[in-house]
Amino acid sequence: MISLALRYLLARRRQTLLTFMGIFLGTIAFVAISGFMLGFREYLIDQLINSTAHVHIQAREDFLSEHTLDKAFYQDQFDYIFWDPPPSGRKDSALVDNPQSWYLRLHSDNRVFAFSPQLKAAAIFSNGKATASSSIVGCDPMEQVKVTTIGDYVKEGSFSDIAAGGNRLAIGIELKKQLGLRLYQNVMVASARSTPTPFKVVAIFQTGNIMADLGAYGSLVDIQKVNHTPNQVNEISVKLHDLNQSARVATEWSKYGVDKVESWDQQNASIFSVFKMQDIIRFLSIGSILIVAGFGIYNVLNMTVLQKRKDVAILRSMGYGTLDIVALFFYQGVLLGGAGALLGVFCGYFVSLYLRTIPFNAGHMAGGISHLIISMNPWIYVQAASMAFFSAIFASILPAYGAGKMQPIEIIRAGAE
Amino acid sequence: MSIIAKNVCKSIGTPSVQILKDLSFEIPDQSFLALTGKSGSGKSTLLYLLSSLDNATSGSIEVDGINLQNLSPQELYRFRNQKMGFIFQSHYLIAELSALENVILPAKKFEKNKNHTERAHFLLEECGLGKLTNRLPRQLSGGEQQRVAIARALMMNPRYLFADEPTGSLDTSNGDIVMNLIKKANKDTGTTVILVTHDPDFAAQARSQINLIDGRIDKGSRKTMSPS
């Protein structure tokens, strides 16, 4: 039956070509648009992961609500307590509670690849008359480069040089511009608790993220000194062996103490909800193309079934059964869908390769982007082929089933009339 | 082996109209029977009932001792494929297949892996189409198309050949060729032929005849057949 189905398709070349083109172009569109959207998404996620590590252990920041202090003052004495004025402010600590116990725990956990204790503080940088307020991160640069890829973004100098101590800084390109600094020049750094302290710029980095590029890194000890918080940290960034375990590990660790433990994806939940919406729009828009193509197959097959009623009658009189007739028309849809899907993903791959060569001015996202980012994730191709193929199959079912239900006697009688 | 019809009735439509009325007869093996009658007398309907393409409203039809209505669909498909051949007024050739491929088509149903080309060639040769085997139906004349249909009907060497006005759309000379091929099949291989025809000349070439008048057998029409 498959060879006869193929003959039917080849006999109606124009119709077949038009129907095939619907599936073929729909598949290419799916591959190209998905590649574009997912490519950009992968870049964003890559940026997120690289700049923020997999799991963050941070000092808890809890704000007081109207009823936060109810139990502390009155336990269960009253059903409802009115405060005038209601409590407000924060009840948190700005620093991680007992970081040493975290270090021990992280050292013994074999899921952890590396971790980097950090002290993040607001700071005012000044170079002569030029000043800029931004944040500074104190870290162990040897561990920091394992946890994030900040080392890869260094344009001048060496990130590891800040480990040498003696007030050395790695600054972002935006901060460099604001202060008019050069490599190995001194800059004054002041925190809210300290007088300005001179630091030497030993590295300049450019991540592509403006906020990150406005900041600076120094050694943990130096920043603790400037901030007057010796041996204290307000964040421990952790990199796991398996990125996909981040949320589970963060949830598990959050039970160990009062500190806030979040995975990178929990921290950026709003971005992921945008991605989900993006996925829905992508599937709806491209799916609608394939649905239209499916309708093309449905119409063509319906026409074919009507045109081939006599063939159905003679095949049935020869002993071909209902399923043979269903298969004859179903195979046509399968052949169209299969060919459209296969050639579509094949050409879609080359379209994606071409799109990658199109120059793209990324503006501030200068972290290495000069061309369109197109994802070549194999899953896109599987999805595109599956959607095209199954839309063709669904479109074929009804006409094929209708053909299978035809009774030869009715067709012969109609032919005789 | 024979076809035995007992009290066969057939009604169609709503409100129902009785086309065949209580027909009983037997068609012996190797017969050449002509079903004749005016338009609307029920001869084609009877042919379709005998060939299992349609079901009787009441009564029974046994072919080779088997009531075909009792067969499962798969058994019926195989029975039809192995034991029955059909020729219609229209050739019903598949336009996308060559003459040879059309002839082979019945054999592809249950014997996909066997090579049937030799027999198909032989049949086409017998039908005088030995040089036209690779032509598509549209490249053949009406008479040639009908001869391909005959070759296709004989492909499985059927025990029964059902022909519904096979000469109806042909000119006299082509009609004669087709009739000769049908007679030859009956004579050479002992195929039982049941032929529906309007043409008294062609009916006269059959060895027996049932003439239908308003769905009943005209008792004066029978030749060698004995009423059951």
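Tutor: What follows is a look at one helix pair in chain A. This is a predicted model, in which local features need pLDDT of at least 70 and side-chain atom pairs count only at pLDDT 80 or more, while totals for chains, interfaces and linings use all residues. Residues are numbered from 1 along each chain as its sequence is written, chains are lettered from A and ligands numbered from 1 in the order in which they are written, and side-chain values use heavy atoms, with hydrogens and water left out.

Two packed helices are described by the angle between their axes and the distance between the axes. The pair here is H12 (residues 309-317) and H13 (residues 322-355), both of chain A. Helices are DSSP runs of H or I with at least four residues, numbered from the N terminus.

Contact means heavy atoms within 4.5 Å. From H12(A), the residues that meet H13(A) are Val312(A), Leu315(A) and Arg316(A). On the H13(A) side they meet Thr322(A), Ile325(A), Leu328(A) and Phe329(A). Of the residues in this contact, five are nonpolar, one is polar and one is charged. Here Ala, Val, Leu, Ile, Met, Phe, Trp, Tyr, Cys and Pro count as nonpolar, Asp, Glu, Lys and Arg as charged, and the others, Gly among them, as polar.

H13(A) has 34 residues and should span 50 Å at 1.5 Å a residue, which agrees with the 48 Å between its end C-alpha atoms; the expected span is 1.5 Å times one less than the number of residues. H13(A) also has a kink of about 25°, centred on Phe330(A). The bend at a residue is the angle between axes fitted to the seven residues ending there and the seven starting there.

Key:
Axes fitted to C-alpha atoms, helices over the stretch in contact; angles between N-to-C directions. Helix = DSSP H or I, 4+ residues; strand = E, 2+ residues; numbered from the N terminus.
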